Amino acid sequence: MGEQPDTDEFPTDVVALAARLVRIASENPPGNERPCAEYVVDWFTEHGVEAELVPTPGTDRPNAVATVGSGGPTLVLNGHTDVVPADDPGDWEHDPFGGEVDEGRLWGRGSADMKTGLALAMVVARNRAAELAGGEDLPGTLVVHAAAGEETGLPGTRTLVDEGYGGDYAVVLEPTEFRVATSAKGVVTYRVGVHGESTHASNPDEGTNAIAQARALMDRIDEYDARLRERSDPLVGKAYANVTAFEAGTGSNMAVVPARAEFLLDRRILPEESIEDVDREVDDLLAAAERADGVVTDRETVQHYGSAGIEPDHPLAELVRARTGDLAPAEPWGMAAATDAREFVADGVPAVVWGPGSLSEAHTVDESIPVADAERALPLLEGIVHDVLSGELEK
């Protein structure tokens with residue numbers, strides 16, 4: 001059996017703090033980040049760091065933010081408090097919200113994505129605050145984000161930026177195995193409805209089966225996906241279009257031909273593509289299906305994460321690579337998954353994605369992260385913070 005790494009309510013050891021955060025079940029959906037955000041504020045307050053909750057408009061899902069120091073430059077360390085659902089705990093060998101350390105790994109939902117990254121940011125900020133309190137003359141301002149809703153596109157990070165908690169630079173602490181990502185794909189998810197006309201299944205020709213109508217549309221989506229795969233970005237790879245969920249006839253009698261089908265269309269967006277262009281392509285596809293196949297549809301946007309990118313040789317990226325050293329390949333790299341780095345880049349703030357742990361562990365049963373990586377990351381991140389706030393990027 002594994003062990004609980006620390007019983008202290010407000011530990012300062014990175015692994016113990018990450019384990020404590022994992023034990024706060026902040027699943028999204030439904031979006032119960034509040035207890036985790038409140039804990040982050042309490043932890044900072046306990047350690048003498050200024051912190052507060054910042055509401056996400058229209059929700060009961062607050063963000064937490066902490067600030068250390070004053071003056072420029074300002075660096076944001078960005079993390080999120082929400083995790084994807086653990087689903088059936090019985091499928092897990094380790095309690096998904098146990099924060100257990102076993103076989104050299106921290107186990108649990110969010111251990112990799114990304115409560116270890118958040119714990120790193122918190123400990124770095126606390127240590128810097130202690131140095132300031134001890135009389136150290138440290139330049140610059142460090143801001144720590146603990147944002148809500150990253151997994152489903154809630155504007156947690158956007159809220160913090162809009163409320164004035166932005167900066168001159170940002171590091172988004174997702175699990176990259178210490179590789180430095182300067183770009184990331186975006187994604188838009190559409191809910192597409194396909195219209196038919198219901199009738200008794202014993203007389204199917206008297207109606208129009210929405211499932212049969214959807215079949216013709218699926219063929220067009222396959223053709224669209226094939227064309228998209230010919231588009232490619234050197235760092236993040238190909239564009240895609242995939243149907244990820246389908247529903248029809250589930251709310252009616254089994255002997256009724258369904259009048260409506262619905263499905264989710266997932267469209268991965270390259271950094272050079274705009275959401276306006278993607279919307280136009282999908283609308284053209286649906287219009288062609290209606291014109292040529294008689295398929296009547298409607299669509300709505302469920303969520304949208306913008307793509308983001310800075311130059312691979314941007315000074316911030318080069319600085320983080322230099323501090324990382326031989327722990328990760330130094331070649332330019334981009335992420336296939338979307339991240340909150342887009343919120344900074346959209347405002348003209350250079351941002352990279354970097355952190356311990358592997359993205360392949362994210363959202364999986366028995367998610368985990370090597371303890372050694374979490375421990376190794378702390379001095380690396382402290383060095384990055386020191387260099388940025390000392391003005392190395394301004395020289």
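1. The model is predicted, so local features need pLDDT of at least 70 and side-chain atom pairs count only at pLDDT 80 or more, while totals for chains, interfaces and linings use all residues. Residues are numbered from 1 along each chain as its sequence is written, and side-chain values use heavy atoms, with hydrogens and water left out.

2. The largest pocket holds about 510 Å³ of space, and of the 26 residues that line this pocket, E151, R268, Q303, Y305 and H363 lie nearest its centre. A pocket is here an open set of points on a 1 Å grid over the protein atoms alone, where a 1.4 Å probe fits, with protein on both sides within 12 Å along at least five of seven lines; lining residues have an atom within 4 Å of a point.

3. At least two lining residues of the largest pocket come from each of β9 (186-195), β15 (260-269) and β16 (297-305), where strands are DSSP runs of E with at least two residues and helices are runs of H or I with at least four.

4. The second largest pocket, with a volume of about 150 Å³, is lined by V124, N127, R128, E131, L138, E382, V385 and H386. Two or more of these residues come from each of α3 (111-133) and α9 (371-389), and α3 gives the most, with four.

5. F246, in strand β13 (residues 240-248), counts as partly exposed because its relative accessibility is 39%, the class between buried (under 20%) and exposed (over 50%), with a 1.4 Å probe and protein chains only.

Methods:
Grid points are joined across faces, edges and corners, and a volume is the space filled by probe spheres set on the points.
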